[in-house]
Amino acid sequence: MEEWVRPMGKRTKNPAVVKFLLSSMLQRALLAPMVWILMTLLDGKCFICAFSMNVDPKYFTGIPNSTGLELIKIMAKVPCKEDVIFKNTSFRKAVSRYVRCYSQAIGWSILLFFIFLGAVGRVLKPCFNHATFLQTRYWSNYLDIEQKLFDETCVLHARDFARKCVVQFFESMREDVTVRMPLSNALRLSTIHNEYGEEEEERLHGITRQDQVDHLLQTWYECKPELDVTKMAYKPKVCITWEDHNGKALFSEV
């Protein structure tokens, strides 16, 4: 649904990819329930508890001498192994086996049906356009990987953004300190500080304000980038202009 209802932006929607995502999701979601249902049917205990009252007792020997409502209560107690009514009689075991056979028959039928369905699907798969299937699977995997990478990048940016804010807060609480040192050491420290600052800016990708972060997330949702990595991403440049005391530009450097 996220892929189907997202804004178009610079990226078209492929119905085949949406169908592939839906089928993959349904297969993963139905796998565990179907396994548990099959195991329950093959075991048969739940089936005995649910349908022991629907069995006609006249087909079994050793039935207690009861009629009407009492007989219905006895049939409802078939799943109870320790009930005194069934002592020294094979009636309960016979009914349990009878109902368990129906349960196992249904379970094996469902299992064989899925095996047959899977075999038919594998046999008919080469009859369709395999290239289209490969393309659909590729772009389906791409969407998952792209979202994961975006989330990871957002986490890294949020960590660096938070660290920058905390460092700025601590630095704002410091008092001014005057340190005297040789010119060479000062230049070296200045170079290290500039390199460290450039590295931080590179990790933040130039997104250094809350409104920029909000705009980035809004743009990602409304207009995802075009699927063309041959185009170079635009990187804003910094232009430094030197002016005289009258405000006239002397020269500029990028």
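Q: What makes helix α2 (residues 15-43) and α6 roughly perpendicular to each other?
A: Their axes come within 9 Å and cross at roughly 70°. Axes are lines fitted to C-alpha atoms, for helices over the stretch in contact, with angles from 0 to 180 degrees between N-to-C directions. Angles of 65 to 115 degrees count as roughly perpendicular, under 35 as roughly parallel, over 145 as roughly antiparallel and the rest as oblique. The pair α2 and α6 is therefore roughly perpendicular.

Q: Which residues make the contact of α2 with α6?
A: A16, V17, F20 and L21 of α2 meet F133, T136, R137, W139, S140 and L143 of α6, where contact means heavy atoms within 4.5 Å. By class they are seven nonpolar, two polar and one charged. Ala, Val, Leu, Ile, Met, Phe, Trp, Tyr, Cys and Pro count as nonpolar, Asp, Glu, Lys and Arg as charged, and the others, Gly among them, as polar.

Q: What kind of model is this, and how are residues numbered?
A: The model is predicted: local features need pLDDT of at least 70, side-chain atom pairs count only at pLDDT 80 or more, and totals for chains, interfaces and linings use all residues. Residues are numbered from 1 along each chain as its sequence is written, and side-chain values use heavy atoms, with hydrogens and water left out.

Q: Why are α6 and α8 called roughly antiparallel?
A: Helix α6 (residues 130-172) and helix α8 (residues 210-222) pack at an angle of about 180°, their axes 13 Å apart. The two helices are therefore roughly antiparallel. Among the residues in this contact are F150, C154 and F161 of α6 and L216, L217 and W220 of α8.

Q: Why is C154 called partly exposed?
A: C154 has a relative accessible area of 27%. Buried means under 20%, exposed over 50% and partly exposed in between (1.4 Å probe, protein chains only), so C154 is partly exposed.

Q: What makes up the largest nonpolar core?
A: Eleven residues: L41, F47, I48, V55, F60, I74, M75, V78, F91, V95 and V99. A nonpolar core is a set of buried Ala, Val, Leu, Ile, Met, Phe, Trp, Tyr and Cys residues joined through side-chain atoms within 4.5 Å. Helix α5 (91-124) gives the most, with three residues.

Definitions and conventions
Helix = DSSP H or I, 4+ residues; strand = E, 2+ residues; numbered from the N terminus.
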